[in-house]
Amino acid sequence: MGQLRESWLCVLSLLWSQAEGQLECKQLGTFGMPSLSRRGDITIGGIFPIFNKQDYMNPSYQAKPSPAKCIGFDLRAFRWTQMMIFAIDEINNSNTLLPNISLGYHIYDSCASPTRTLQATLTLLGGQEKEEEAPRSCYPPLSAVIAESGSSQSIAVAGLLSPFHVPMVSYFSTCACLSNKRKYPTFFRTIPSDDYQAKALAFLVKRFGWTWIGAIQSDNDYGRNGIQSFSEEVQRMGVCLAFVGTVLRTYPRNKILKVVETIKQSDVKVILAFVPEGDLYPLMQEVVLQNITGIQWIASEAWITAARPSTPEIFQSFGGAIGYVTRKMAIPKLRDFLVKIRPSLDPEVGFINDFWESIVGCDPRLKYGAGESRACTGNETLDQSQNPFFNVTELRVTYNVHKAVYAIAHSLHELIFCKKQNPDGATSPCVNVSQIEPQQVTNYLKKVHFINSFGEMVFFDENGNPPPSYDIVNWQLIGGRVQHVTVGHFGPAPNGSYELQIKDNNIIWHTGKLVPEGFCSAICPVGKRKAQIKGRPVCCFDCIPCADGTIANTTGASDCTPCPETYWSSDLKDRCIPKEMEFLSYRDTMGVTLTALSLCGACLAFVVMAVFARFRDTPVVKANNSELSSLLLLSLLLCFLCPFTFIGRPTASSCMLRHTAFGVTFALCISCVLGKTMVVVAAFRANLPNNNMARKFGPAQQRAIVCLCTAVQILICSLWLSLRPPFPEQNLRLSNKKIILECNPGSETAFYAVLGYIGLLSAICFMLAFLARKLPDNFNEAKFITFSMLIFCAVWLTFIPAYVSSPGKYTVAVEIFAILSSTFGLLACIFVPKCYIILLKPERNTRRHVMGKMSSKHL
């Protein structure tokens, strides 16, 4: 088959030299590299890698390029060279673009090696000549280079050309590092930078919710810079890279197997391959060989539409791959140009025999012999060939070559035909072809702006990049062939950002229509948050329920959100619900019980009042001071009704009423008991010699004592209501799940003053009754008052710690219970014995029995 070539260097260059006014061309040295060339007024060139797919069909293959020969031949890259020649022919035949000026080219094979690329570039710059060849007609000096497909090679060329101000336009070098105009001021490209591709890939990963992915990079500037840019983009989105494997076409098989083993041992289901097709193909073969399936592959533009891996065999493991590609274009006229290529026209043209062997299957350089199976003239027709080489309906990189050639041609046109004004008013070209300087071409490339024959706007931004625009393609098996189906688009949005448009229904994943999962840990459901696992990446986490009072109402929440103060989290911790309002209501069992006790007590007090009214003329009633007894019974009735101000939802009026009503009624009650006690003591003292206390302590004095003692409490309550009255409030401290509706006393001092005053009256009453406890049995009023005060004081002393320690509505219940207990104690101890005599022992309800002899004992 002749020499195998791994890659090509095609140089479309402007090489000029002038000797004594005559143009003289020197054949450039090629260091053993085959070349294509055509003379013209202006010469242009570019770098194209070309590989032979047969060289990688054997998994044990290891490329070892020699210093003089390249290994491999790639029809795809050869088509790029033909696209350049085709575009130059179009321009040379144009009457509007560079009229009367012809473009020439010089093409070299770079072998996809930065070293070989530099050799070819130095050849262009230095104008070396082969010793065995004589000088020929000359080429103009180098003005522009179209190079190269590999980013590493382009970096080498751009760095070498920059000091000479020679512009270069790449059609397939996407490394973002080449946008650095300080290092590469003369570099331009017709394919978007990897900065944009990294953003596009990050948008794609985010779009499908993949957070745990692997990455494969090529061991060169393209792969390393691409994965670095992508990693920076996705880190801001919370996406983690589980591993980064590195491959290269020249790697031995054991290195490739290490990457394959990493893939097998990892739990990732989504892998991004930011690798040129030639570097990835050995890995793809190993993946297929070891039957590794179930992985969703994300592709960079360098291999997603490559023809060599797009086979049903590779599809077994890589089916459903999705990635970005540049805009595709159909160039129908190119096919007619391609099918006319044949060795018979010019057998010495570089690469023509390798091309013929790949397409037709024979080498026209071989002579007929016994071992030959068929004749090969080099004149076979290609019109009916179905080889993908001749498919010009979906050209992407090839179309970029077309744009690169035309961008240089338009800049040269603007430079040459800028129309300067002569002193006589006539116009003439600004620059003669022989006077063109590379720096001038660079300056005009920066400003080039035109619409090509396909309706696309061609220009470069300040970094030498075209406007970013990608199609999204998906590998699908249709009719037994791998098709690259366009399923979406990524490009600039009107607001200055970027937008991703995908037709989900058109995508066929390796799982069918079901979007593959790509996460280390399942997305936390609502009600749970992420908890980082120590020693693992941030994408690996546990899901733990939110704490009480916090919620996570979205899936994948990193933190739980606290509920507002008056809300609480639901049982599922997925929403905030209003807290339950708690207060002692008439519907509660406790509220019903206390209400019933209050009504019973009030009824008993009313019955006793009725009994005393009915038997008001009997000695027992008269002897107990019917006026004070009636007033005491009335106050007890009011005390029994006080709990109704405590039950129910607290309001401003109920809060002010409950404490003041309680304080005043109990003050009135104890004042009456105090009056009765003083009457008893006075009556006892009246029987002692020379004692006129009874005469001094008459009904008027009794009324005065009751009114005075009650008035003091009324005064305290009035000041309380005037200065800092009680008010309703929502207590959020006692319970997380409930709002305790209670009455804030307003002034703690006033509240305890009311209680303290009642306690003071009770203590005085108790002491007086205690002193009179030993009266004769027929008249034991003081003994009953003593018992009643003992119960009253015991209840209220017990009330204080119970009141302080009871939460929520139980605080109110304790206070009501204390009111009812002390009131029942007073009613039972003071009035039940008298009712017993009146109703059941009427024979003892006589004056003689009530006024019987008194004991001789003194107080």
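Colleague: Which loop holds Lys573, and is Lys573 buried or exposed?
Modeller: Happy to start there, keeping in mind that this is a predicted model. Lys573 sits in the loop that runs between strand S27 (567-569) and strand S28 (576-578). Its phi is near 60°, a positive value in a residue other than glycine. Buried means under 20% relative accessible area, and Lys573 has 13%, so Lys573 is buried.

Colleague: What about Leu98: is Leu98 buried or exposed?
Modeller: You will find Leu98 in the loop between helix H1 (75-92) and strand S7 (103-108). Leu98 has a positive phi of about 50°, although it is not a glycine. The relative accessibility of Leu98 is 1%, and the cut-off for buried is under 20%. Leu98 therefore counts as buried.

Colleague: In what order do the eight strands of the open sheet stand?
Modeller: Let's begin at the edges, where strand S12 (240-247) and strand S22 (498-502) each have a single partner strand, so one side of each is left without a neighbour in the sheet. The pairing in this sheet is mixed. From one strand to the next, the twist averages 25°. The order is S12-S11-S13-S14-S15-S20-S21-S22.

Colleague: Which residue in S15 is the bridge partner of Ile298?
Modeller: Strands of a sheet pair through backbone hydrogen bonds, in a parallel or an antiparallel way. Strand S14 (residues 296-299) and strand S15 (residues 322-325) pair in the parallel sense, over two bridges. In S15, the partner of Ile298 is Ile322.

Colleague: What angle does the direction of helix H5 make with that of S11?
Modeller: Helix H5 (residues 221-235) packs on the sheet. The strands that H5 touches are strand S11 (212-218), S12 and strand S13 (270-274). Between the directions of H5 and S11, the angle is about 155°.

Colleague: How many Å apart in space are Ala307 and Pro388?
Modeller: Ala307 belongs to the loop between S14 and helix H8 (312-318). With a relative accessibility of 47%, Ala307 counts as partly exposed. In sequence, Ala307 and Pro388 are 81 residues apart. In space, C-alpha to C-alpha, Ala307 and Pro388 are apart by 7.7 Å.

How values were computed
Residues are numbered from 1 along each chain as its sequence is written. This is a predicted model: local features need pLDDT of at least 70, side-chain atom pairs count only at pLDDT 80 or more; totals for chains, interfaces and linings use all residues. Side-chain values use heavy atoms; hydrogens and water are left out. Two strands pair if DSSP finds at least two bridges between them. Helices (H or I, at least four residues) and strands (E, at least two) are DSSP runs, numbered from the N terminus. Axes are lines fitted to C-alpha atoms, for helices over the stretch in contact, and angles run from 0 to 180 degrees between N-to-C directions. Contact means heavy atoms within 4.5 Å. Buried means under 20% relative accessible area, exposed over 50%, partly exposed in between (1.4 Å probe, protein chains only).
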